[in-house]
Amino acid sequence: MDVRQDGVTVAEMCNHFLSAKRRQADAGELTERSWTDYHRTCKRLTRVFGRERLVSDLRPDDFADLRDDMGKTLGPTATASEVNRTRVVCKYACDADLIDRPLKFGPNFKRPSAKTLRLQRAKVGKKLFTAAQLHTLLEAASKPLRAMILLGVNCGYGNADCGQLRHRHVEIDGEWVEFPRPKTGIHRRAKLWPETVSALKDAWDVRPSLRDKAAHDDLWFVTKRGHAWHKDDIADSPVTKEFRKLTDGTGIYRRGLNFYALRHTFETVGGEAKDQVAVNAVMGHVDTSMAGVYREHISDDRLEAVADHVRQWLYGGRDNA
């Protein structure tokens, strides 16, 4: 990339960085969502610093202004992520020889403290549905959304998981789903409840005609207009929007009780089965312990026991016919 003789500008640094990340995404080494997040961070950098500002001229006061700008639109958790991404972009500039020396961020360009993050989590409240709330949502949901809700609480699936689930991932007769986590590629396998199997069949039966058959042919969920339910921008995801309409309509909505809270609910309730290793396997969490290094297999019996425990929590005492 050609740069000005007097140094690289903020816009040039961002374009160079995003091109490198685009190559990673095209090679499958970076998720589209991560690329989108980096792109959003770079837009903030060019807006706050100025496109033509020389990177080598940036000083701690500039990063303090950037940190203040983040606080105007982002909460503590999102600010922490934005600070991290900014540091990644600036480190790349040095590693790629776009600048001669590392940038000095100064004492004010920090992630929010652990205390601030804890207070924020307490303010938002638990990201946890009650069984009664889930039954209310399931009764009011459309057929596709009902199946997605059940995948969330049965398998710990999030928005992107449901939006990218394909027919080949589901063993509908054997009542299993095997779907590597899109975010990390980590293997996941989960036992499907009879209620989830039934809901998945219903959702498949009402799929509309596809707009892009080549790309969406075996997607389990397709919107009314024939598009995928998944978008890299989670805020613009059809899953996010439709679930918000559902929680608003049922009077269940509060901050923190979004679709991803179903994943929190599965983790919390599933943990009471007292087999955290199996829960982690269903969730697709990395086990960095020495035991995780040596463990080569987790039996289906253990995965099924976790699923049964969560199902008993949700359906215990009810007529499931």
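**Salt bridges, aromatic pairs and surface patches**

The count comes to 21 salt bridges, each a side-chain nitrogen of Lys or Arg within 4 Å of a carboxyl oxygen of Asp or Glu. This is a predicted model: local features need pLDDT of at least 70, side-chain atom pairs count only at pLDDT 80 or more, and totals for chains, interfaces and linings use all residues. Residues are numbered from 1 along each chain as its sequence is written, and side-chain values use heavy atoms, with hydrogens and water left out.

Helices (H or I, at least four residues) and strands (E, at least two) are DSSP runs, numbered from the N terminus. Buried means under 20% relative accessible area, exposed over 50%, and partly exposed in between (1.4 Å probe, protein chains only).

**Salt bridges**

- Arg44 pairs with Asp69, with the closest N and O atoms 2.7 Å apart. The pair links distant parts of the chain: Arg44 lies in helix H2 and Asp69 in helix H3 (residues 60-73), 25 residues apart.
- Arg44 is buried at 12% relative accessible area. Asp69 is buried too, at 12%.
- A network of salt bridges links Arg44, Arg47, Asp69, Glu82 and Arg85.
- Arg189 and Glu178 meet in a salt bridge (2.9 Å, N to O). Arg189 sits in strand S3 (residues 189-191) and Glu178 in strand S2 (residues 176-178), eleven residues apart.
- Arg189 is buried at 15%, while Glu178 is partly exposed at 30%.
- Asp248 and Arg244 form a salt bridge at 3.1 Å between the closest N and O atoms. They are four residues apart in helix H11 (residues 238-250), so about one helical turn separates them.

**Aromatic pairs**

- The whole structure holds eleven aromatic pairs. Rings of Phe, Tyr and Trp (its six-membered ring) pair if their centres lie within 6.5 Å; planes under 30 degrees apart count as stacked, over 60 as edge-to-face and the rest as tilted.
- Phe17 and Tyr38 have ring centres 5.1 Å apart and planes at 75°, so the pair is edge-to-face. Phe17 is in helix H1 (residues 10-26) and Tyr38 in helix H2 (residues 32-49).
- Phe17 and Tyr38 are both buried.
- Phe49, Phe63, Phe105 and Phe109 form one aromatic cluster.

**Surface patches**

- Patches are made of residues with over 30% relative accessible area and no salt bridge; like charges are joined within 9 Å, nonpolar side chains (Val, Leu, Ile, Met, Phe, Trp, Tyr) within 5 Å.
- Met290, Val293 and Tyr294 form a nonpolar surface patch with about 390 Å² of accessible area together (Shrake-Rupley method, 1.4 Å probe). Val293 is exposed at 55%.
- Lys115, Arg118, Arg121, Lys123, Lys127 and Arg255 gather in a surface patch of positive charge.

Methods
Lys, Arg positive; Asp, Glu negative; His and termini not counted. Charge placed at Lys NZ, Arg CZ, Asp CG, Glu CD.
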